[in-house]
Amino acid sequence: MRRTSEKRRKIQQPGFIVYCIAVLIVTGCASENDKRLQKAMDSFQLEPGLRIELAASEPMVIDPVALAFDEDRNMYVVEDRGYPDSSNGGTPTTLGRIAFLKDTDGDGKYDDRAEFVTGLTYPNGVLPWRGGIFVTCAPDIYYFKDTTGDGVADIRKVVLTGFSADKTAQIRVSTPILGLDGWVYISGGLNSGKVTSPEHPERAAVVYASADGRFHPETLEFQVTGGVSQYGLSFDSYGRRFGCSNRHPIQQIVLEPRSLSRNPHLLFSQTIQNVSASEAEAKVFPISGAITSADFIPKLIGRSHTGTFTSACGLLVFNGAALTPEHRGNAFICEPAQNLVQRQIMHPKGVSFSSSLPYEEREFLSSTDEWFRPVFLQHGPEGALYIADMYRKVIDHPSYVPEEARALLDFESGKTDGRIYRIVREDFRRNNSVPPLLSSKASPQQLLKALESPEEWERETAQRLLLQDKISSLIPELKRCVAQSALPETRVRALWTLRSYGALDDKDIILALADKESGVREQAALLAEELIKQYPRLIVAVIDAAADTAARVRFNSALTLGAIDEPSVIEAMAEVAARDGADRWVRAAVLSGIGSRLPAFLHAFQAQKAPDPQAFASVMQDLGRLFGNAASLAECRLLLKNTIQDNGALNVDHSWKIYTILGLAEGLSGRAEMKAGQHNLLYELLGGNAAAKETRSLNVFMEHASRVAQDEKSVAGLRVVAANLLGYSDFEKAGNLLKNLLGARNPPEVQLAAVSSLARMGDARGGKLLMAKEAWSNYTPSVRSAVIAAMVSKPAFIQLLFSAIQDGAITAPEISAMDRERLINNKNPGISEQAKSLFKELEGGGRMQVYESYRDILVKPDDAVKGKAVFKRVCSVCHAHSGEGGKVGPDLTGINNQPADALLLHILVPNYEVLPAYQAISVQTRDGRTLTGWLVAETENSMTFRTSFGADESILRTNISSLTNSGLSLMPDGLEKSMTKEELANLIAFLKAGR
């Protein structure tokens, strides 16, 4: 048995002198370590009224990155001792291990350690189950168990495999947590997978790109879920799931792909909502020197932003009892790069949440010690908040540091250290005189009592044990909990436990739908879906719930009603849409469930009295798109005729009509049977035999849309919709109008809509308008970028683009590497040869040589004020800084902590390191369009891309002709050709100045 004890360490003594020397050595080492630990404790600044305690430290624990407690309050600690993995690939280390810690005397400090598992590569997550643990360690998820009682796992098996491990250890599957439904949810690590179970070789692999997932701990079935989390996943007390990634501290997974997949024609693929401020707005307030240590901790451009979250991880929605009542329901997030833990207060906002900071200019926990690296948070026994501190000098991965700067950093120091802390109220006192409710020997009644505990850790542990053991004798008591338990958190866990037992019935659901706590009603509305076939009377109950006072109850009710194939549910779904349809999540929830019932839903929705105007317009646009995607042409034609008919003056009160027809045109544009393609599509839909009155109505309608697009008094959003609709007309009718909309006096979003419409028409005359010398000189950077994207996307425009480059109107470096590659590889030999000739200087390799040749500017005089003007001219089209600029690429606010040579490297060699999230993907659609962007979200039905227009565009998979991921950046090579050396030096000075 490999076990050590800090408090009762035995030293072999061959003689008295040797014994004395050994005692002195141990005492001296202990004394020195005590000083280091005290210094660390003294470095903390903690929220007043709380205290921080040391639960374990080196050598009892080393490099902790995750922890979990079993029912006996023993702690499993994941130690990622091999981190960082090699930046150049190679053979992984096998230094990772799982420690099994005990507190033998109940003083709160863990003093006994066993090497539960050794020989792992880069483990990062742990979850107890059936006396053992699941451990995430890409490419595998393991199950380990000790059956002999020696503290060492003798059962060691891979239960799932195929999770990608080709990226750094920062980007891998992690964070296994148990959901109310009895499934284990995991963070995908912003990575992909082809997942199989060695225990079930008969099952097909589950293949996915960047996504979170879940598996059943008993059957080992794996499924892809909503969410794109990096390292951190948490449920609140009512089963709402939240994740995080480096620059996004709190994201809620609002919808699941399985809901969206119900309607294959729904053009919606997103599943997450930013709850907190993100990127440049996600402020932190460090007190360590890390914010000024640029020369020692350089990081990848676009990822590290001092004063804002750069490494958000370990998210926990806290519900323990050992802090104050005000802390319950708050979210806590680790920021190891800047040595702090932040607290955020959650607020309901529609069907999701927003969050805010409880105070300014300070953090929940921060440290002046730059080695303090909090990476993981956990509920613990007695209601404490536990923190895993990896305690490293450098936490960054070498892969995200310029190669020539890596030798300057110490990635090794701290590999023998690590701490685990707990935070409690100042007046909290541990009570060891009362036997704990939970243990591995707990009786069924004790488990039930723990389920009703005011303490979150006891409730979740009790439910885990109940799910494992399925104690059928407790079913009556669980039903009593649903009806009578004082705590709503218990009532909701009892509901889901009954469901896992197969004992949930209609009475339980109806009772829960009447619960005074909306969180319980939310879950009841979801649970009803599985029972409706067995208990049809639940249909009426869920219809009633669709009118609940709580938005999320209505939202979940709409999801459930969408799964019911009964005419009676349509009216209730229409009511939800009319009330809440301004919210994109509600629209997606409702429309995912209407399927083939489009006409019936349209009739019910249009009959709603006094709907919210924005909700009505937004739902009608989505309905129009659904009709265009899925309905028969006859049904589409009827929608067009009914919408454009003259039933009064087409004024702002009827703006929904423009939204509707735009949606219809967008849907129809991808259909093969529409021969006209993009232009004159609506006239083709009317048909050659259309009555003169119908054609006249469409003419009047399009003329009205033209007036709206030009009307400077109209709201910009409506003008954009109208301008986009003109793209489905033809050049004769709309060309001159769109030319006017390109003018600088129009809002940028209107200009971009005009560019998009001209591109959609694909008429060479439109390309000439876009490239006209007078127009080009007036474009802002964002409009220029959109014009270039348009010129590359249409065959009719490419020669015009080439001519502009040859004439010097556009410089070759303004074309992104991805677009250059596409032009060079064009199937048309003429286009390919011209592209090779125009871009030969940029495609000849040697970008690192360019970088080396420019390094001399780093020692020359510079001017940050002048650099700001260079940023606005060259960079702001894609990047934001201090709240201004585009959102195509990463926000560059606060990158002043990076060394100047790192900034120079990534400006001149943008493909040096391209994060998966920002790799450019090129898509060719069946309707002849081409777009380039990075993938924002996807479902099995559709994909959403962030294009160089700065807007998100969704495409049905059925409308995709080809898709290519080059792994390149959207950022073009050769930016040095668009500025002088002096200007480049000034640009870097501006970025270093941080303002």
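Which residue takes a positive phi in the hairpin of β23 and β24? I looked it up: Asn339 does, near 60 degrees, and four residues lie between the two strands.

**Ground rules.** I am reading a predicted model, where local features need pLDDT of at least 70, side-chain atom pairs count only at pLDDT 80 or more, and totals for chains, interfaces and linings use all residues. Residues are numbered from 1 along each chain as its sequence is written, and side-chain values use heavy atoms, with hydrogens and water left out.

**Strand β23.** I noted that strands are DSSP runs of E with at least two residues, and helices are runs of H or I with at least four, numbered from the N terminus. Five of the five residues of β23 (residues 331–335) are buried, so the rest of the structure largely encloses this strand. Buried means under 20% relative accessible area (1.4 Å probe, protein chains only). Ala331, Ile333 and Glu335 point one way, while Phe332 and Cys334 point the other way.

**Its neighbours.** Strands pair if DSSP finds at least two bridges between them. I found β23 antiparallel to β22 (residues 313–317) over three bridges, with Phe332 as the partner of Leu316. Five bridges join β23 to β24 (residues 340–349), also antiparallel, and there Ile333 has Gln342 as its partner.

**Two helices.** Next I checked α5 (residues 475–484) and α6 (residues 488–501), whose axes come within 8 Å and cross at roughly 145 degrees. Axes are lines fitted to C-alpha atoms over the stretch in contact, with angles from 0 to 180 degrees between N-to-C directions. In contact (heavy atoms within 4.5 Å), I saw Leu478 and Val482 among the α5 residues, and Ala494 and Leu498 among those of α6.

Conventions: Buried < 20%, exposed > 50% of the residue type's maximum accessible area, 1.4 Å probe, protein only.
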